[in-house]
Amino acid sequence: MELEDSGDVRGKHRILAELGRVEQEVRFLEKELEELGQTDIVSTVCEELLCVIEKAPDPLLPLTNGPLNVGWDRWFEGPNGGDGCRCFIL
């Protein structure tokens with residue numbers, strides 16, 4: 001009889017812990033739904049964001065106003081000669 005009671009207590013604890021987790025998730029989802037209800041129409045917000053992003057140049061991309069530096073092209077070309085790469089992995 002004692003063994004059944006202790007197993008029942010553990011089962012109750014597990015159920016209560018799961019119930020607490022589900023209640024916490026419900027509160028989180030209700031809060032998120034409330035925030036969504038307060039936001040503007042998403043497509044309008046996205047269009048506004050796109051306009052702002054397109055106006056500012058990307059700081060990580062260089063602006064080329066003059067002739068290109070041809071020396072940089074050698075880093076992006078394939079190997080010289082028609083034989084292909086002669087590298088061997090040992």
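Keep in mind as you explore that the model is predicted.

**Partners of Arg-21**

Which residue pairs with Arg-21 at 2.7 Å between the closest N and O atoms? That partner is Glu-18, and the contact counts as a salt bridge. Glu-18 and Arg-21 sit 3 residues apart in helix α1, which covers residues 2-38, so about one helical turn separates them.

Arg-21 also forms a salt bridge with Glu-25, and here the closest N and O atoms are 3.1 Å apart. Arg-21 and Glu-25 both belong to helix α1, where they are 4 residues apart, again about one turn of the helix.

Side chains of opposite charge can pair when their charged atoms come close. In this model, Glu-18, Arg-21 and Glu-25 are linked in a network of salt bridges. The structure holds 2 salt bridges.

Here are the two pairs side by side:

| Pair | Closest N and O atoms |
|---|---|
| Glu-18 and Arg-21 | 2.7 Å |
| Arg-21 and Glu-25 | 3.1 Å |

**How open are these residues?**

Cys-46 has a relative accessible area of 44%, which makes it partly exposed. Cys-51 is also partly exposed, with a relative accessibility of 43%. How many disulfides are there? The count comes to 0, where a disulfide would need a pair of cysteine sulfur atoms within 2.5 Å.

**The whole chain**

Stepping back, the protein chain contains 2 helices and 0 strands. What share of its 90 residues is buried? Buried residues make up 0% of them, and a residue would need under 20% relative accessible area to be called buried. The protein chain exposes about 9,500 Å², and 62% of that area is supplied by carbon and sulfur atoms.

Notes
Residues are numbered from 1 along each chain as its sequence is written. This is a predicted model: local features need pLDDT of at least 70, side-chain atom pairs count only at pLDDT 80 or more; totals for chains, interfaces and linings use all residues. Side-chain values use heavy atoms; hydrogens and water are left out. Buried means under 20% relative accessible area, exposed over 50%, partly exposed in between (1.4 Å probe, protein chains only). Accessible areas come from the Shrake-Rupley method with a 1.4 Å probe; for residues, only the protein chains shown count as cover. A salt bridge is a side-chain nitrogen of Lys or Arg within 4 Å of a carboxyl oxygen of Asp or Glu.
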